[in-house]
Amino acid sequence: MPKILKIHELEKSYSSGSKKLKVLHSISFEVEEGATFSIVGPSGSGKTTLLGLCAGLDKQDSGTIELCGQNLGELNEDERAQLRNREVGFIFQNFQLLPTLTALENVIVPLELQGVKNATKTGKDLLEKVGLGDRFHHYPSQLSGGEQQRVALARAFSNSPKILFADEPTGNLDEETGEKVIQLLFELNKEAGTTLVIISHDLELANKTQHILRLKGGKIISNEPTLVQ
Amino acid sequence: MKGNRSKAGILWLFNMAWRDGRASISRLLLFIASIILGIAAVVSIQLFSENVKQNIQSQSKALIGADFIIDSRQLPNEKVQAIIDSLGADAYEVNFPSMAAFPKNGAAKLVQVRGMEGNFPFYGTLETNPTIAASEYQQKGGALVDATLMLQYNIKPGDSIKLGVVTLPILGTIQGMPGRSGFSSSVAPTVLIPFRFVEQTELLQQGSRKEYQYFFVAPDMDMDLLDETLDPILDDENADLDTHTDTSRQIGRSYDNMGKFLNLAAFIALLLGCIGIASSVHIYIKEKLTDVAVLKCIGASRKQTFLIYLIQIAVMGLIGGVLGTLLGIGIQQALPLLLQEFLPFDIEVSLTIQPMLMGVLLGLIMSVLFALLPLLGTWYVSPLEVLRVSENATVKSRKIKIINFGAIILFILLFSIWIFKDILFAIAFVLGVFITFAILTGISALFIRAIKSYFPTAWGFTARTSLLNLFRPNNQTLVLVLAIGLGTFLISTLYFTKDILLAKTSLDNTSENANIILVDVQPEQRADVEASITPSGLSVIDNLSIVTMRMHSINGKFTNDIRKDTTTTIKNWVLNHEFRTTFRDSLIPSETITQGAWVKEVKPGEPVKISISESLAEDAKIAIGDPIVFNIQGVMMETTVGSIRKIDWARLQLNFMIVFPGGVLEEAPQFHVLTTFVPDNATSASLQQELVRKFPNVTVFDLRQIYTVIEDILGKISWVINFMAFFSILTGIIVLIGSVRNTKYQRIRESVLLRTLGAKGKQILHITALEYLFLGILGSLAGILLSLLSSQLLATVLFEEPFVPSVVPFLIFLPAIVLLVLIIGLSNIRSVLQSPPLEILRKVG
């Protein structure tokens with residue numbers, strides 16, 4: 001299978017006062033197109049930093065990141081934004097919906113950025129699909145946590161991304177709601193054939209993906225497939 | 001990837017700006033309210049200033065009765081007549097001295113006859129007794145005669161006056177009349193007759209001393225421009241131009257200072273508007289940075305996110321500008337209605353387009369300029385913010401920051417130049433504000449450093465938390481100290497300035513200043529006249545000898561030759577004028593020596609060193625040491641210019657263009673002038689009756705009417721200064737309220753979190769109250785102290801008046817502003833105390 005994400009010898013440090021704190025040490029791995037992949041590790045292991053780098057939200061100190069055939073190191077800020085807009089979807093722990101837009105508007109923003117004509121229809125279809133057909137015009141503050149995350153799911157799939165990054169997607173949800181959201185996530189992923197990269201410290205969730213990469217102290221401690229196929 | 005740009009067009013950007021704005025309506029309202037208040041302040045102060053300026057200007061027109069006058073000592077020549085015709089005179093007169101006889105008792109007296117054609121005066125009123133006489137004398141063909149003269153000769157309306165060969169009925173007495181009056185222009189009482197009778201009197205013969213005056217009404221004409229272009233031409237033709245703006249000289253510095261004060265108020269209103277806009281934009285954009293990160297995360301470019309909020313700010317600025325302008329107009333229109341009871345004069349409310357246009361532009365440009373710096377945050381904010389990782393997320397380009405700051409200063413400078421019409425003043429003012437801004441920034445930094453260094457760890461939880469709020473991330477110390485400090489600085493400066501000016505806007509109408517002048521007192525009458533004044537409790541203020549003379553030669557050139565010299569720059573009037581001079585050994589309060597040295601007395605044989613006024617030195621092109629020969633009734637007197645004096649003509653006292661030292665003119669033919677102060681009409685009447693009975697040759701001038709006009713103007717100036725100061729202060733306070741109110745969302749999350757953790761309402765109140773108390777005290781105290789410095793500078797440099805600081809800003813402004821900041825700060829977290837935490841969090845997003 002072709003690789004959608006190729007990481008090679010990735011390093012990243014952050015400044016903390018006058019000191020430099022190395023967060024990632026020589027990280028290398030690859031993700032196959034259409035696969036489900038999880039990155040797990042305790043707090044402070046560098047999961048979120050790795051996700052940020054993989055999605056082109058940040059720049060590495062050294063090493064290379066190839067996403068959807070593009071070397072991110074060769075793209076500037078706006079070109080990376082373009083790449084994200086066309087090929088990448090996101091789901092965040094704290095949903096990150098735009099509080100000033102309605103559910104429908106939140107969903108169609110990525111499409112509008114692409115200049116898609118019938119964005120509203122697509123947005124409505126997606127919201128129907130995630131069970132929020134009666135919540136089109138609600139603002140995020142008028143929705144429950146589970147509903148907000150479902151809007152985020154609809155937004156993440158609105159641009160038919162090749163790869164979807166999910167950062168602790170159930171972190172802010174109760175067990176039951178979290179379960180429903182994950183079910184929906186995998187269903188949509190399967191339907192669209194999207195590659196799914198999940199960041200989590202929840203092993204139960206990670207075990208639902210085809211591949212688990214374990215991080216500790218900024219280093220890979222294991223990178224192996226699960227039994228899920 | 002390169003060149004593969006997002007297809008979302010400008011319409012989408014507008015759409016996003018609208019969507020975002022629509023949902024944050026409550027925050028936007030707060031933001032727009034600040035803009036509206038700032039702009040309303042600028043527009044209403046500017047419009048109202050324009051109105052009162054015009055009002056007081058028209059009052060000054062009452063001093064000459066027209067917008068301008070062209071006068072000539074002879075019948076205007078062809079060139080002058082062409083100018084008069086092209087400008088279209090609204091009235092004209094010829095005036096000349098003549099003997100008048102009263103057939104009733106056979107008395108005769110030298111009078112100044114004014115033959116008038118037209119409805120003069122056009123400003124002010126011709127006060128007569130009976131009142132109707134003023135409007136009837138032209139039609140009925142009668143004369144109006146000076147009240148004192150009537151009193152002197154016991155003449156009543158209905159009696160007649162004979163001028164030359166014409167006898168006219170006296171229709172009334174002249175109580176007061178606009179036009180150049182008083183001692184300087186005439187030494188004889190006025191008799192006003194219709195122009196058509198002048199020729200019939202047969203008094204005007206070839207060579208008669210006369211003056212033609214043409215009165216013009218041209219309220220929209222630029223008097224300075226007219227003066228600049230027309231006066232030199234008329235001067236060459238032995239004619240002269242007097243504009244109503246010249247009369248402001250009589251009102252003196254108070255009038256000039258009122259103009260400066262109104263400009264200062266407009267400048268301060270502009271700054272208040274800027275504070276309102278800057279503080280609200282800063283906080284609004286700061287709150288939007290996370291949304292920007294999300295947008296970037298899902299593929300929006302830096303330019304797109306930047307433009308979305310730029311469009312939003314620009315549209316809000318425009319809306320705020322328009323609404324602020326409308327509110328400003330509304331306030332200006334409503335003021336005369338609301339203040340009808342208190343207004344000392346009628347304000348003609350008119351709309352001038354400039355302040356309105358400036359209001360709209362100001363809203364738009366200032367919003368965008370002040371938004372640019374925080375908006376740059378959207379350019380540099382990293383999409384990583386959404387993942388809770390933030391490293392140098394909002395590093396901004398230093399160069400862009402400097403450019404933005406420069407653009408703000410440039411705009412304020414341009415606006416200031418527009419207000420002050422003086423580049424140097426504008427630069428000085430903007431520099432002053434910039435320094436104040438820098439000092440306040442320094443004070444906030446020092447304050448934060450001091451708290452960190454000497455943090456009182458032993459204090460209780462609430463006090464410690466409130467102190468922590470002052471320097472931890474997300475603190476509002478700099479923003480609020482700047483807003484409160486600058487606001488207080490501006491309103492205190494206005495208050496102090498008001499005091500500086502009000503101390504000067506009262507005419508010293510005390511017994512120190514004469515308001516009755518007795519002319520033509522003969523040397524042998526001096527003691528007797530004095531003796532008639534003093535027993536009634538009045539005092540003789542001046543007792544001067546007057547010697548009349550003309551210039552015979554200037555710098556060795558005969559005046560007759562200078563007249564023929566077409567290249568001379570010496571003003572014509574100097575060559576023809578009959579100077580009334582005096583001699584004394586000391587300066588009077590209205591005079592200061594600007595060049596040379598004052599000579600008290602000369603001994604026989606010594607050169608006669610005279611003192612001349614600055615205006616005469618300029619018009620006659622005379623400098624220190626220049627020789628002048630005077631013709632004193634046939635006797636030539638050689639003199640040299642010993643000193644040049646600056647004269648404050650605003651003081652209604654006897655000022656002289658030429659003053660001789662003692663020891664020269666004592667034996668010259670002379671008459672005397674005595675002055676006194678009368679407190680009221682009754683005293684004036686009885687004194688005049690007694691004087692004219694005892695000394696029929698003495699002419700009495702009552703200056704109380706001029707005093708009344710000037711006092712009236714000064715009263716209005718004082719009212720305007722007071723009102724504009726308080727109006728601007730009130731606006732400043734409202735803008736300040738807006739600025740503090742803008743911080744509403746800064747502390748809600750923290751307060752809710754504390755509430756969730758179990759903090760009692762009282763504890764949250766304490767924390768918030770202490771934080772705002774610290775900021776209120778620091779900001780307002782710093783502002784007031786800085787305003788002491790600025791007011792001292794304004795007093796010395798701009799108004800040239802002494803400055804005695806009032807305690808009001810310390811005793812009233814300081815506690816009031818602190819209390820206000822405290823109340824608004826506490827009201828900001830009211831919802832936290834009254835509603836469940838989750839509800840609040842949902843509401844604030």
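**Figure 1. Chain B at a glance.** Chain B of this predicted model has 26 helices and 21 strands. Out of its 845 residues, 43% count as buried. Look at the contacts between residues at least 6 apart in sequence, and 84% of them join residues at least 24 apart.

**Figure 2. Chain A at a glance.** Here you can count seven helices and ten strands in chain A. This chain has 229 residues, and 52% of them count as buried. Take the chain A contacts with a separation of 6 or more: 67% of these come from residues 24 or more positions apart.

**Figure 3. Helices H23 and H24 of chain B.** This close-up shows H23(B), residues 761-799, packing with H24(B), residues 808-828. The angle is about 150 degrees, and the two axes are 8 Å apart. H23(B) passes H24(B) in a right-handed crossing.

**Figure 4. Helices H4 and H5 of chain A.** Now for another helix pair: H4(A), residues 119-129, packs with H5(A), residues 145-158, at an angle of about 135 degrees, and their axes are 9 Å apart. That angle is why H4(A) counts as oblique to H5(A). H4(A) passes H5(A) in a right-handed crossing. From H4(A), the contact uses A:Thr122, A:Gly123, A:Leu126 and A:Leu127, while H5(A) brings A:Ala154, A:Phe157 and A:Ser158. By class, this contact has four nonpolar residues, three polar and no charged.

**Figure 5. Nonpolar cores.** The largest nonpolar core has 115 residues. Those with the most contacts inside this core are B:Val42, B:Ala265, B:Ala266, B:Ile268, B:Ala269, B:Leu271 and B:Val821. Which helix gives the most to this core? That's H9 of chain B, residues 253-297, with 20 residues. Zoom in on B:Ile268: leaving aside its neighbours within four places in sequence, this residue is in contact with B:Leu490, B:Leu494 and B:Ser728. There is also a second, separate core of 80 residues, and A:Leu5, A:Ile39, A:Leu50 and A:Leu67 are among its members.

**Figure 6. A glycine in helix H2 of chain B.** B:Gly38 is found in H2(B), which covers residues 25-61. Is B:Gly38 buried or exposed? B:Gly38 is buried, because 33 other C-beta atoms lie within 10 Å, and 20 or more is what it takes to count as buried. Not counting residues up to four places away in sequence, B:Gly38 touches B:Leu272, B:Gly273, B:Cys274, B:Gly276, B:Ile277, B:Gly324 and B:Val735. Check out B:Gly321 too: along the chain, B:Gly38 and B:Gly321 are 283 residues apart, yet their C-alpha atoms are separated by 8.9 Å.

**Figure 7. Helix H1 of chain A.** H1(A) runs over residues 47-54 and is mostly covered, with eight of its eight residues buried. Those buried residues include A:Lys47, A:Thr48 and A:Cys54. A:Leu50 is another buried residue of H1(A), and you've met A:Leu50 already as part of the second core. After H1(A) comes A:Gly56, whose phi is positive, near 75 degrees.

Technical notes:
Residues numbered from 1 in each chain as written. Chains lettered and ligands numbered in written order. Predicted model: local features only at pLDDT ≥ 70, side-chain atom pairs only at ≥ 80, totals over all residues. Buried ≥ 20, exposed ≤ 12 C-beta atoms within 10 Å, placed from the backbone. Helix = DSSP H or I, 4+ residues; strand = E, 2+ residues; numbered from the N terminus. Contact = placed C-beta atoms within 7 Å. Axes fitted to C-alpha atoms, helices over the stretch in contact; angles between N-to-C directions. Left-handed = near helix turned anticlockwise from the far one by under 90°. Parallel < 35°, antiparallel > 145°, perpendicular 65-115°, else oblique. Nonpolar A, V, L, I, M, F, W, Y, C, P; charged D, E, K, R; others polar. Core = buried A, V, L, I, M, F, W, Y, C linked by C-beta atoms within 7 Å.
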